[in-house]
Every structure is written in structure tokens, then in C-alpha cells.
Amino acid sequence: MISNEVINAMIDLIDENIRLIEEIKSQGYDSFSNDFRDIQAAKHSLQESIEACLDIGNHIIAEKGFRRAEDYKDIYKILEEEGIIDPGLSARLQEMAQFRNLLVHRYGKIDIKRIFIIMSEDLNDIKDFVRKVLIYIS
């Protein structure tokens with residue numbers, strides 16, 4: 001049995017971060033790109049949301065005794081192998097895991113436009129992941 005309490009706490013964190021990101025995004029790119037605090041808040045909220053998805057995936061893998069993930073991308077490969085998420089979502093989340101590494105390790109300056117694009121186009125992947133997890137654990 002999967003601990004819904006742990007997963008629900010992580011989903012609550014994701015929901016809070018997505019609300020903040022959507023609020024920042026709604027002000028438009030020009031406002032966003034000229035506001036250091038919004039840029040930092042968006043980067044942190046994206047990182048926290050991505051990490052919460054990874055934690056949820058790891059939690060499911062451990063609870064169900066699936067094979068151990070070799071790296072962050074592999075978490076989504078395993079969830080795909082086990083039929084929890086589809087291949088397309090898995091591939092997009094694997095890219096997000098790579099983006100998380102850029103955010104955390106600051107491999108060079110991250111393009112503000114790229115952050116805004118992710119805020120505008122990729123939040124649905126996180127929301128879709130949460131929906132799939134909720135279906136799986138119910």
C-alpha cells in the first residue's frame with residue numbers, strides 16, 4: 001500500500017508552486033524578464049515542483065518494489081515501464097529532470113526566455129503527472 005499522506009503532501013507543494021508560477025506568468029514576459037524576484041521565484045518554484053515529482057516517483061518505486069532508478073530520468077522510465085505514465089509524458093518529464101539539474105547546479109546562465117517558455121508550456125506535464133499518480137494510488 002502506498003502512503004497517500006506522503007504523496008498528498010508533495011502534491012500540495014506542487015499545487016502551491018504552480019499557483020505562484022501561473023500568477024507570475026500572467027503578468028507577461030516583459031514584466032517577468034525585468035523582475036529579478038519573479039525570475040528567482042519562478043526558478044525556485046519550478047525546481048521544487050520538479051523535485052516533488054521526482055520524490056513522488058521515487059516513493060512509488062520504493063513502496064512497490066520496482067527496479068531501482070539509476071538517475072532522475074530513470075525514475076520516469078520506470079513509471080512508464082510499470083504503466084503509471086505514458087511514453088510521451090515520460091519523455092517530457094525526463095527533459096524536465098535535466099532542466100532541474102541546470103537549475104540546481106547552475107551550469108551557466110539559464111536563459112530567462114527558456115524559463116518563461118517552460119512556465120507557459122510545460123506546467124501541464126506536471127499537472128498531468130499529478131493526475132496520473134492520483135489515479136494510480138486511488
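The model is predicted, with local features requiring pLDDT of at least 70 and side-chain atom pairs pLDDT 80 or more, while totals for chains, interfaces and linings use all residues. Residues are numbered from 1 along each chain as its sequence is written, and side-chain values use heavy atoms, with hydrogens and water left out.

Trainee: What length does helix H1 reach from its first C-alpha to its last?

Mentor: Helices are DSSP runs of H or I with at least four residues, numbered from the N terminus. H1 covers residues 4-26, which is 23 residues. The expected span is 1.5 Å times one less than the number of residues. That expectation is 33 Å, and the helix comes close to it by reaching 32 Å.

Trainee: Which residues of H1 are buried?

Mentor: Buried means under 20% relative accessible area, exposed means over 50%, and partly exposed lies in between, using a 1.4 Å probe and protein chains only. An α-helix has 3.6 residues a turn, so residues three or four places apart point the same way. The buried residues of H1 are Ile7, Met10, Ile11, Ile14, Asn17, Ile18, Ile21 and Ile24.

Trainee: Against which helices do the buried residues of H1 pack?

Mentor: Contact means heavy atoms within 4.5 Å. The buried residues of H1 pack against helices H2 (29-33), H3 (36-64), H6 (112-121) and H7 (123-137).

Trainee: At roughly what angle do the axes of H1 and H6 cross?

Mentor: Axes are lines fitted to C-alpha atoms, for helices over the stretch in contact, and angles run from 0 to 180 degrees between N-to-C directions. The axes of H1 and H6 come within 10 Å of each other, and their crossing angle is roughly 115 degrees.

Trainee: Which residues of H1 and H6 make the contact?

Mentor: H1 passes H6 in a left-handed crossing; the term applies if the near helix is turned anticlockwise from the far one by less than a right angle, and right-handed applies if clockwise. The contact is made on the H1 side by Ile21, Ile24 and Lys25, and on the H6 side by Phe116, Met119 and Ser120.

Trainee: How many aromatic pairs are there?

Mentor: Rings of Phe, Tyr and Trp (its six-membered ring) pair if their centres lie within 6.5 Å; planes under 30 degrees apart count as stacked, over 60 as edge-to-face and the rest as tilted. By this rule the count is three.

Trainee: How many residues apart are Tyr29 and Phe116 in the chain?

Mentor: Tyr29 and Phe116 form an edge-to-face aromatic pair, with 5.4 Å from centre to centre and 75 degrees between the planes. Tyr29 belongs to helix H2 and Phe116 to helix H6, so the pair links distant parts of the chain. Their separation is 87 residues.

Trainee: Is Phe116 buried or exposed?

Mentor: Tyr29 has 29% relative accessibility and therefore counts as partly exposed. Phe116 has 13% relative accessibility, so Phe116 counts as buried.

Trainee: Why is the pair of Tyr76 and Phe129 edge-to-face?

Mentor: The ring centres of Tyr76 and Phe129 are 5.8 Å apart. Tyr76 lies in helix H4 (residues 72-81) and Phe129 in helix H7, 53 residues apart. The pair counts as edge-to-face because the planes stand at 90 degrees.

Trainee: Which residue lies over the face of Tyr29?

Mentor: Tyr29 forms one aromatic cluster with Phe32 and Phe116. A charge sits over a ring if NZ of Lys or CZ of Arg is within 6 Å of the ring centre and within 35 degrees of the ring normal. At 5.8 Å from the ring centre of Tyr29, the residue over its face is Lys113.

Trainee: Which residues does Asp125 touch, not counting residues up to four places away in sequence?

Mentor: Asp125 is found in helix H7. Asp125 counts as buried, at 9% relative accessibility. With residues up to four places away in sequence not counted, Asp125 touches Leu89, Arg92, Leu93 and Met96.

Trainee: What distance separates the C-alpha atoms of Val104 and His44?

Mentor: Val104 has its place in helix H5 and counts as partly exposed at 28% relative accessibility. Val104 and His44 are 60 residues apart along the chain, and their C-alpha atoms are separated by 9.2 Å.

Technical notes
Helices (H or I, at least four residues) and strands (E, at least two) are DSSP runs, numbered from the N terminus.
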